[in-house]
Amino acid sequence: MKKNILRFNFGISMKDLKIAVIGLGYVGLPLAIEFGKKYKVLGYDINSTRVTELQSGYDHTLEADLDGLSIATKLRVENSELGLVFSSQESDLKEYNVFIVTVPTPINSFNMPDLTPLLKASEMLGRIVKKDDIVIYESTTYPGCTEEDCVPVIEKISGLIFNKDFYAGYSPERINPGDKVNTLTRIKKVTSGSTPEIADLVNNLYASIITAGTHKAPSIKVAEASKIIENAQRDVNISFVNELALIFDKVGIDTNDVLEAAGTKWNFLKYRPGLVGGHCISVDPYYLASKAESLGYVPQVILSGRHVNNSIAPFIANKVLKLMIHKGQTIKGANVLILGITFKENCPDIRNTKVVDIYNELKEFGTNVDIFDPWALADEVKHEYGIEIMSKIDADKKYDAILLTVAHDEYKSFDFEKYYKTGAVVFDAKAVVDRRWVDGRL
């Protein structure tokens with residue numbers, strides 16, 4: 001490739017790229033918006049309700065830059081060769097030549113990878129791809145998945161030959177839901193391609209929108225592995241401090257006091273104990289573990305970390321119950337208020353939230369549990385977990401226990417003192433409440 005001419009031997013140039021983003025969730029939508037400012041882009045989702053929502057300029061995930069959305073969609077209205085449109089019709093994908101897949105990669109009830117969304121998207125693309133088309137995957141998965149699981153599906157259905165008729169790339173997503181500082185364009189992007197030439201094109205494509213720059217990995221497997229270990233590393237680090245919390249609870253000292261003291265050393269890693277939910281950190285390590293086990297190696301550190309982090313929700317629930325008993329309260333029929341159900345603060349994302357595990361544990365002991373969360377969508381919580389959440393707190397209702405599980409800004413003004421002084425157990429899972437009004441914290 002000549003340095004100054006972005007044209008490639010397989011017949012496509014940068015100016016010819018027409019991009020379809022498959023999946024318009026937390027990852028796909030910001031990507032579609034940014035590309036839509038410079039290319040002809042289709043945002044595709046099988047959920048027609050989601051498409052209608054975005055066409056109206058609304059985003060329930062609160063991840064979209066609405067000004068950017070307006071700019072990208074307006075460009076399409078003014079220029080048919082530029083800008084962003086949305087669709088749930090598969091046939092609309094046919095005029096595009098770069099397909100970026102951003103569908104979920106969940107786990108099943110046995111903590112095994114569930115590739116169904118990824119393989120369904122690949123099946124659909126098998127009906128769509130043409131000569132010289134490029135399929136780029138962003139969904140987090142184990143090393144080898146793109147070339148060993150997804151590409152063969154496209155080949156089988158399309159009848160095309162990989163790296164002769166069509167090509168692939170992998171550029172792992174690094175979206176941090178709810179983060180308005182470290183947004184898509186401000187996070188360095190890892191890129192890769194199925195041939196050196198495709199790797200250059202994929203890298204140049206992302207470099208055209210990512211102001212933080214790109215890192216071109218030497219292979220798709222390396223790019224896949226780089227993403228999976230980002231989340232596995234964080235999971236293991238959090239599991240260490242969560243295990244400390246379990247130990248120090250038995251010792252009778254506050255874990256956060258210990259961490260503050262240890263943190264005075266310059267090279268101490270300042271992780272905090274807590275619930276580990278969401279779609280990434282609590283899921284992705286299982287993908288790496290599954291790949292390792294398929295190759296005959298049992299990853300003890302990774303799986304041990306998962307075991308510890310999964311134990312925190314029942315630990316919190318049982319700790320609260322013990323504190324209630326210590327205060328002379330009757331557990332059966334007690335009223336408990338949980339503050340927060342999203343998996344992180346100031347974000348509506350409820351995917352794989354571990355607060356639900358606390359809720360279920362408390363319900364099993366016969367308590368009446370209310371949940372209030374100003375960020376979560378009640379219909380979504382009901383659909384995903386079968387739980388009715390409150391639209392507001394009944395100020396006159398007597399609660400026997402209050403649990404702060406998510407540190408939303410709205411809870412800063414909550415009157416914990418009032419409940420503490422009337423005999424309620426107050427448990428702070430985020431270590432943010434005034435300690436004078438807290439019976440226990442993680």
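Mentor: Gladly! Let's begin with helix α4 (residues 116-126) and helix α5 (residues 145-158), which pack with their axes 7 Å apart at an angle of about 35°. Keep in mind that this is a predicted model.

Trainee: What makes α4 and α5 meet in contact terms?

Mentor: Contact needs heavy atoms within 4.5 Å. Residues of α4 including Leu118, Leu119 and Leu125 meet residues of α5, among them Val153, Ile154 and Ile157. The residues of this contact divide into 8 nonpolar, 3 polar and 2 charged.

Trainee: Now the strands. How do you know that β1 and β2 pair?

Mentor: Pairing takes at least two bridges. Strand β1 (residues 18-22) and β2 have 5 bridges, in the parallel sense, so they qualify as a pair. Within this pairing, Val21 stands opposite Gly43 of β2. The chain goes from β1 through helix α1 (residues 28-36) to β2, a right-handed β-α-β crossover.

Trainee: What joins β2 to β3?

Mentor: Strand β3 (residues 83-87) runs parallel to β2, joined by 5 bridges. Leu42 has Val85 of β3 as its bridge partner.

Trainee: Why is β2 described as largely enclosed?

Mentor: Buried means under 20% relative accessible area. In β2 (residues 40-44), 5 of the 5 residues are buried, so the strand is largely enclosed by the rest of the structure. Lys40, Leu42 and Tyr44 point one way, Val41 and Gly43 the other, and all are buried.

Note on methods
Residues numbered from 1 in each chain as written. Predicted model: local features only at pLDDT ≥ 70, side-chain atom pairs only at ≥ 80, totals over all residues. Heavy atoms only, no water. Buried < 20%, exposed > 50% of the residue type's maximum accessible area, 1.4 Å probe, protein only. Helix = DSSP H or I, 4+ residues; strand = E, 2+ residues; numbered from the N terminus. Right-handed = clockwise from strand over helix to strand, strands pointing away. Axes fitted to C-alpha atoms, helices over the stretch in contact; angles between N-to-C directions. Nonpolar A, V, L, I, M, F, W, Y, C, P; charged D, E, K, R; others polar.
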